[in-house]
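Please read the following notes with the model open beside them.

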Amino acid sequence: MFSSRLDWAVGPNPLARLLNTKRSTGAEVLDLTESNPTAAGLTYSPERVLRALADPRAMRYEPAPAGMIAARSAISQYYSSRVPVDRILLTASTSEAYSYLFKLLADPGDEVLAPRPSYPLFDFLAALDSVRVVQYPLVYEAGWAIDFEALAGRITPRTRAIVIVNPNNPTGSFLKMDELARLRALCRSHDLAIISDEVFSDFGFDDDPARAGSLVEVEDVLTFSLSGLSKVSGLPQMKLGWIVASGPESVRRPALERLELIADTYLSVGAPVQWAAASLVASRGEIQTQILARARGNLAFLRSKIGPDSPWRLLDVEGGWYAVIQAPRIHTEEDWVLMLLDQDNVLVQPGFFYDFEKEAFLVLSLLTPSEIFGEGIRRILGRA
């Protein structure tokens, strides 16, 4: 009766079942997976946000498939006016942006290449558009890097795009300039588009001249850079994302025309958040400063506790909201996360949630309030 695109396991996994049991008994769980900035103890200015949403112009329905000029101008300002307004298309979220791009670039059964490890949402989003995700590996030595030999070997006649997450979630690794050059050459030779997910790009921990920033100025390959208020302004509830198209005009212009047709079919972005966009984007520094201070502080604490003689290993992280630690191989990842929750009331995510190729890795949110993070880390490291 139902579409095969929804042939997913829908029941809770063992970690979710144990967490539900813990919470039902009133246990105080130290949650080191917090990804919601509005629930992370940050200080917002509700009056400013609500005032921006109360713009009386929102009472008039004026559908604009690519998004209102005022909102797109605010996004252009976010990029320091490096991006013309007519290259920007608004969506209700980054997830919706992916869906639009899969519709634009791929027929049913076509493929997109996405990094491994990375955020597990790609498979679900692609499946809903009848597109197949093929993973290419990121390899870790002193830091993370794209395995270009493996990436090239996964390109087939049905490949339509390569997804980059910059910085990656959860590894926190940025694309490097030399990697971008190789990526552009690969895409040119195979006539592929680049989809660059840049939602965490404002959250780099240190300056690095080798690091590639936003891909909005790539001009030799059709490229789509994605971001949104969820991370930029710490406002996931506002439901405003965007696509910036760049590349040769001969393909960029028809791509935008087709994207606008797709957007016109749904008209999903609400008027209040579009009128509020200028205020919400302009005031992003208020939240970003807090998030960066929190993430840097938690990362510094983690580094101070995992030294060269520790049985634990902290993987290098350059930005974003997460850190990855490698656990001693005395337990499997699943056993680690279940034991920590069951016996220590500490919630972490296993690496296999993000398709790490080997064990045992634990993924920790640097967005976690520092006192909870610190106590949670002490309990974790006390296990070995």
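1. A cavity is taken here, on a 1 Å grid over the protein atoms alone, as a set of points where a 1.4 Å probe fits but cannot get out, and its lining residues have an atom within 4 Å of a point. Grid points are joined across faces, edges and corners, and a volume is the space filled by probe spheres set on the points. On these terms the structure holds four cavities of 30 Å³ or more.

2. This is a predicted model, in which local features need pLDDT of at least 70 and side-chain atom pairs count only at pLDDT 80 or more, while totals for chains, interfaces and linings use all residues. Residues are numbered from 1 along each chain as its sequence is written, and side-chain values use heavy atoms, with hydrogens and water left out.

3. The largest cavity has a volume of about 120 Å³, and of the 13 residues that line it, the closest to its centre are Leu-138, Ile-146, Val-165, Ser-173 and Leu-175. Two or more lining residues come from each of strands E4 (132-140), E5 (144-146) and E6 (159-165), and E5 gives the most, with three residues. Helices (H or I, at least four residues) and strands (E, at least two) are DSSP runs, numbered from the N terminus. The lining of the largest cavity has 10 nonpolar, two polar and one charged residues, where Ala, Val, Leu, Ile, Met, Phe, Trp, Tyr, Cys and Pro count as nonpolar, Asp, Glu, Lys and Arg as charged, and the others, Gly among them, as polar.

4. The second largest cavity, with a volume of about 70 Å³, is lined by 14 residues, of which Pro-115, Tyr-119, Phe-122, Gln-135 and Asp-355 are the closest to its centre. Strand E3 (111-116), helix H5 (121-128) and E4 each give two or more residues to this lining.

5. Helix H1 (residues 14-24) and helix H12 (residues 333-344) pack at an angle of about 0°, with their axes 10 Å apart, which makes H1 roughly parallel to H12. Axes are lines fitted to C-alpha atoms, for helices over the stretch in contact, and angles run from 0 to 180 degrees between N-to-C directions; angles under 35 degrees count as roughly parallel, over 145 as roughly antiparallel, 65 to 115 as roughly perpendicular and the rest as oblique. In this contact (heavy atoms within 4.5 Å), Pro-14, Leu-15, Leu-18, Leu-19 and Lys-22 in H1 meet Glu-334, Val-337, Leu-338, Leu-341 and Asp-342 in H12.

How values were computed: On a 1 Å grid over the protein atoms alone, a cavity is a set of points where a 1.4 Å probe fits but cannot get out, and a pocket is an open set with protein on both sides within 12 Å along at least five of seven lines; lining residues have an atom within 4 Å of a point.
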